[in-house]
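Dear colleague,

I am handing over the structure below, and after it you will find notes on what turned up in it. Please read them alongside the coordinates.

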Amino acid sequence: MNKSIPAISVNSVVKHYASNPPIVALNNVTIEIQDNEFFTLLGPSGCGKTTLLRLIAGFEQPTEGAILLYGDHLEGLDPNDRPVNTVFQSYSLFPHMTIAENIGFGLKMKGQSSDQIALVVRDMLALVKMETFGNRMPNQLSGGQQQRIALVRALAPKPKVLLLDEPLSALDLKLRQAMRLELKRLQKETGITFVFVTHDQEEAMCMSDRVAVMSQGELQQLDSPQMIYERPRNRFVANFIGDVNLIDTKVSSENQNSYVCSHNNIEFSVNKTSQHQVGDQVTLAIRPEKFSLVSSAEGLLKGTVVDSTYMGTDTYLTVKIDDSTELEVRCQNIDLDQQLPTIGETVGLSVPNGAATLLED
Amino acid sequence: MASNIGRSSSNTNKGRIPWLKWWACIFFVYLYGPIAVLIAFSFNDNRIAQVWTEFSTKWYVKAFSNEAIQNAIINSLIVAAVATVCATLFATMAALILSKGMFKGQTLCLGIISLPLLVPEIATAVATLSFFAAINFPLGLTSIIVAHIVFCIPFAFMPIRARLAGMDETLQEAGRDLYANDIKVLWHIVLPQLKPGIFAGGILAFIISIDDFIISLMVAGAGATTLPLYIYGMIRLGVSPEINAVSTVLFLVSLTLVATYWFISKKNEGSNYVH
């Protein structure tokens, strides 16, 4: 496989469903997924992420546009002719087959000999540390175990790309966290490109090399988890991932690489991540943990604490800086003697350079 | 007091209507009394069927050494076996096509398949006979088989369709995803999943066929006597204890099959699915 060719190219894909009124599931989506990447499609339900996965798998055909797998057009190929495999949300293990038969099914359909299949099945069971489960039936396994088998069943035929459709959503929290690490390990060990669909931002953050945030059938942002969090492109991304303070400002001056935006005579310097004119109304995003508390005399912002909630690792403060703006501020609880402001107290907030992000909308 | 406890507890209805169980008893006697009498008198030694003398199995021996009865049983088994296999085959194909949801008029098709369940049997019988006469189809065992296949299809169809409707669609997607083409998906995934439904449909068709009387009476040719037709013929000559014995056997065969059907349906309800 040529490493420079993207594993999957989604070129201007449109997907309509003929209903009344017609549904636009995907609206002109273009995405390139690199070889050996852990790629996540993230978005709320109905954003089109599962539709995109089903288009790649071949269960549905795009209305317009094309999907390429390592440079080859997938158009007109049935799911059984595509070297990609899917891990389904409901696992979909074949209930009438043993675990070993389930894992070997793909290879059997590809016409491999039973000796070869037995070897692969053994390796796959070892990969998820379930060596002794080969002769059991799916309904004798717990949810987490079924999940692991569904995973290796899809990995057994060595697909070029593995598609995962919210595979962790049916598991309880503890198991889900363990499976995240396991998935990441499997991706590194097998070197197979993973395309993971989820609505859970935490899942997306902790496993992915890159994340595509989707909403209403459109790609909102495609970046590393860090950039998605630190430099959200628009209001949707800023709100969907983590908590955020949105501040209405006006562009007051422009430099080569930055704008100065002001809100009630408070000036923020922000990178030119999108193009605006002096005088435009723009929104800035600042994450709650970026602020630090200083005395009310110093600091860029000054305000009154109106609420304080102790959350264990952090204390969440709500600071009112003017009649229309309340900011959420997160202070880490480093030691017990730490003096935190009380409700009603006036505090100063400092904002490090580059903490504020200019949004497109 | 017992009924008070019954009312206050939300998950038990015990004792709520105390006389209900007596009604149930009367109902069961009403339902199964005649059959119990039939079975009892089949073991009666007396030549006159309705007068009890002592226990004996001689009517069973006599009935089953009667060549005419043997022939009737063989005819019935041939008809039921062939009709069951063919009807189940057609019903399976119909259920598979209708489950795809690919064409217009699907609801109409479903209605047409299920309609024979509601049409009065005598109407079907007369219609079948007229049809055979119109196309000059010779009446005999073959004509009975053809007629039975037709009316067994909806009975075989129902459990198969129910099973198919309860099947997880993504299993077929998983199969296709794992390199199985449509035929292989059908063979390796759909049919094994459907097996209990097909089996139940087959049993139902067999029961319906083996004790059918009206249609068989119309379309049977000379020498093509099935067991129910033979029993009817004997009864016209007076109730003989032999009939009791044969009827008892027929009843037990049906009972066994119904029980099997019930156990299969019961098993289908959960254990075969992955949760």
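To begin with a single side chain, Glu189(A) is partly exposed, with a relative accessible area of 49% (buried means under 20% relative accessible area, exposed over 50%, and partly exposed in between, with a 1.4 Å probe and protein chains only). This is a predicted model, in which local features need pLDDT of at least 70 and side-chain atom pairs count only at pLDDT 80 or more, whereas totals for chains, interfaces and linings use all residues. Residues are numbered from 1 along each chain as its sequence is written, chains are lettered from A and ligands numbered from 1 in the order in which they are written, and side-chain values use heavy atoms, with hydrogens and water left out.

Glu189(A) meets Arg185(A) in a salt bridge, at 2.9 Å from N to O (a salt bridge being a side-chain nitrogen of Lys or Arg within 4 Å of a carboxyl oxygen of Asp or Glu). Because Arg185(A) and Glu189(A) lie four residues apart in helix α5 of chain A, they are separated by about one helical turn (helices are DSSP runs of H or I with at least four residues, strands runs of E with at least two, numbered from the N terminus). Arg185(A) is likewise partly exposed, at 26%.

Both residues belong to a network of salt bridges that also links Arg148(A) and Glu182(A). The side chains of Glu182(A) and Arg148(A) pair at 3.4 Å, N to O, and this pair joins helix α5 to helix α4 (residues 143-155) of chain A across 34 residues. Glu182(A) counts as buried at 12% relative accessibility, and Arg148(A) counts as buried at 16%.

A further salt bridge in chain A connects Glu166(A) with Lys49(A), whose closest N and O atoms are 3.5 Å apart. Here Glu166(A) sits in the loop between β7 (161-165) and α5 (173-190), while Lys49(A) lies in helix α1 (residues 49-57), 117 residues apart, and both are buried. Over all chains, the structure holds 16 salt bridges.

In chain B, the axes of helix α7 (residues 141-165) and helix α9 (residues 182-210) come within 8 Å and cross at roughly 145 degrees (axes are lines fitted to C-alpha atoms, for helices over the stretch in contact, and angles run from 0 to 180 degrees between N-to-C directions). The contact (heavy atoms within 4.5 Å) is made by residues including Phe151(B), Phe155(B) and Arg163(B) of α7(B) and Leu194(B), Gly197(B) and Leu204(B) of α9(B).

Best regards
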